[in-house]
Amino acid sequence: MAAPTTSRTDHVIGGDYVAGSGARIEVVNPATEQVIGSVPAGTTAEVDAAVAAARAAFDGWASRPVAERSAAVRRISEGIAKRRDEIAATVTAEMGSPIGFATQVHASVPVATSRGIADVLDAGYAWTEESGNSLIVREPVGVVAAITPWNYPLHQIVAKVAAALGAGCTVVLKPSEVAPLTAAIFAEIVAEAGVPAGVFNLVHGTGPIVGEALAAHRDVDMVSFTGSTRAGRRVSEVAAQTVKRVALELGGKSANVVLEDADLAKAVKLGVAGCFPNGGQSCNALTRMLVPESRYDEAVELAVGAVAKYTVGDPTDETTRVGPMVSDVQRDRVADYIRKGVAEGATVAVGGPEAPEGLTTGYYVRPTVFTGVTTDMTIAREEIFGPVLSILSYRDEDEAVAIANDSEYGLSGAVFGSDDRALAVARRIRTGQIAVNGGAFNPNAPFGGYKQSGNGREFGRHGLEEFLEIKSIQR
């Protein structure tokens with residue numbers, strides 16, 4: 001197994017490493033509770049310098065031939081692939097994702113999503129079109145602030161940066177201070193790909209300081225943010241003062257609707273798998289399973305049996321399926337939600353708020369399944385961000401759709417049933433992405449949310465277009 005990165009973790013501004021003010025933020029391994037690194041605590045001074053570097057580099061990068069920008073993005077994709085094992089080990093060390101999932105998803109999906117942007121560009125993307133006497137031109141939006149979360153520390157960086165660079169924008173990245181080490185690897189990959197100095201910049205730090213300074217900055221043309229809905233609201237408020245574009249990918253409380261004619265064993269197995277990846281720390285996790293009243297007891301039995309296979313433990317062990325939560329704060333938050341579910345009358349079918357037996361070190365929680373859940377319960381409405389599944393019953397298809405849509409969120413979802421019926425139900429659910437009968441994740445299909453799950457889309461052509469302005473030239 002590869003070792004976590006030893007890449008330099010300073011800011012990257014205008015092509016240079018910058019140590020910053022001297023204050024550092026420690027990075028803690030959530031499995032061992034040991035400090036494994038640190039990053040500088042950025043200030044407004046570093047933000048100003050990084051934005052100035054991005055602004056100075058913009059005209060030159062935007063005017064580069066599309067083929068050159070595409071080639072750079074493709075080299076970034078290749079660079080990620082070459083360092084896959086190191087990236088996976090680093091993700092496991094800094095945020096606790098099991099090494100198997102870190103290798104197959106965290107370190108591999110970004111290869112596909114960045115390559116997908118290059119493919120769109122190389123396929124002859126239509127930068128101009130004619131409409132009557134008008135020439136309609138698509139141009140890069142400008143300087144982009146990319147603010148990314150800890151749960152997919154490379155995946156979310158690449159989703160933003162690859163598309164922005166391909167569009168001709170320059171970027172200032174602020175990765176999560178909780179899991180920032182992977183960003184250091186990415187900065188090296190970008191430099192090795194031949195991206196000119198100042199086109200990509202990296203400023204470490206906290207959201208209230210660095211994130212807000214970027215969102216407020218007059219020379220930042222767009223903010224692309226992934227994180228909690230609460231933080232997304234704050235980004236929008238701050239960015240509104242300069243009327244800049246804001247793209248948000250926020251929380252979720254996604255429903256897995258199991259229809260009467262579904263293959264129940266498959267639906268439950270894949271539903272549990274869709275709830276627990278990354279320790280349940282996924283915005284698109286299928287945290288609500290909706291099953292017909294007539295099949296409820298059978299579904300619960302199947303779910304409990306499926307959860308038994310989700311071994312909790314050392315994330316560096318290839319057999320582990322659920323690692324620790326990212327921090328003690330997150331562990332306590334998840335445990336509190338489990339206690340609240342019990343207090344509000346739900347029944348724990350498996351799991352519970354207590355630490356897993358034998359795991360006295362590390363921020364672990366038990367994979368938990370609740371039964372007897374009603375739509376008004378907190379665990380059915382709020383994003384828990386941990387391995388917690390709520391199973392709800394419904395009387396008929398219309399009620400199932402109503403329950404699925406009875407949420408402030410609309411990010412993801414799933415439907416299981418006969419193909420035509422499942423597709424018809426999927427079309428009725430107000431969510432940005434939905435899988436029918438276990439349809440595989442497509443790294444080039446648009447991803448984003450309805451309602452308070454955000455606005456805008458990432459990946460593929462739709463992700464590229466988030467970073468483009470439209471100009472109409474009358475002739």
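Which residues in α11 are buried?

Mentor: The model is a predicted one, and the account below should be read accordingly. Helix α11 spans residues 296–307, which makes 12 residues. From its first C-alpha to its last, α11 reaches 16 Å, close to the 16 Å expected at 1.5 Å a residue. The buried residues in α11 are Tyr296, Ala299, Val300, Ala303, Ala306 and Val307. These residues lie on the same side of α11 because they cover an arc of only 125° around the axis. The general rule behind such a pattern is that an α-helix has 3.6 residues a turn, so residues three or four places apart point the same way. Asp297 and Glu301, on the other side of α11, are exposed.

The next matter is what lies over the buried side. The cover of the buried residues of α11 includes a helix, α10 (264–275). It also includes the strands β13 (288–292), β14 (347–350), β15 (368–371) and β16 (388–394).

Cys275 takes part in no disulfide, since a disulfide requires sulfur atoms within 2.5 Å and the nearest cysteine sulfur, that of Cys283, is 13 Å away. A search of the whole structure likewise finds zero disulfides.

Definitions and conventions. Residues are numbered from 1 along each chain as its sequence is written. This is a predicted model: local features need pLDDT of at least 70, side-chain atom pairs count only at pLDDT 80 or more; totals for chains, interfaces and linings use all residues. Side-chain values use heavy atoms; hydrogens and water are left out. Helices (H or I, at least four residues) and strands (E, at least two) are DSSP runs, numbered from the N terminus. The expected span of a helix is 1.5 Å times one less than its number of residues. Buried means under 20% relative accessible area, exposed over 50%, partly exposed in between (1.4 Å probe, protein chains only). The arc is that of the directions from the helix axis to the C-beta atoms. Contact means heavy atoms within 4.5 Å.
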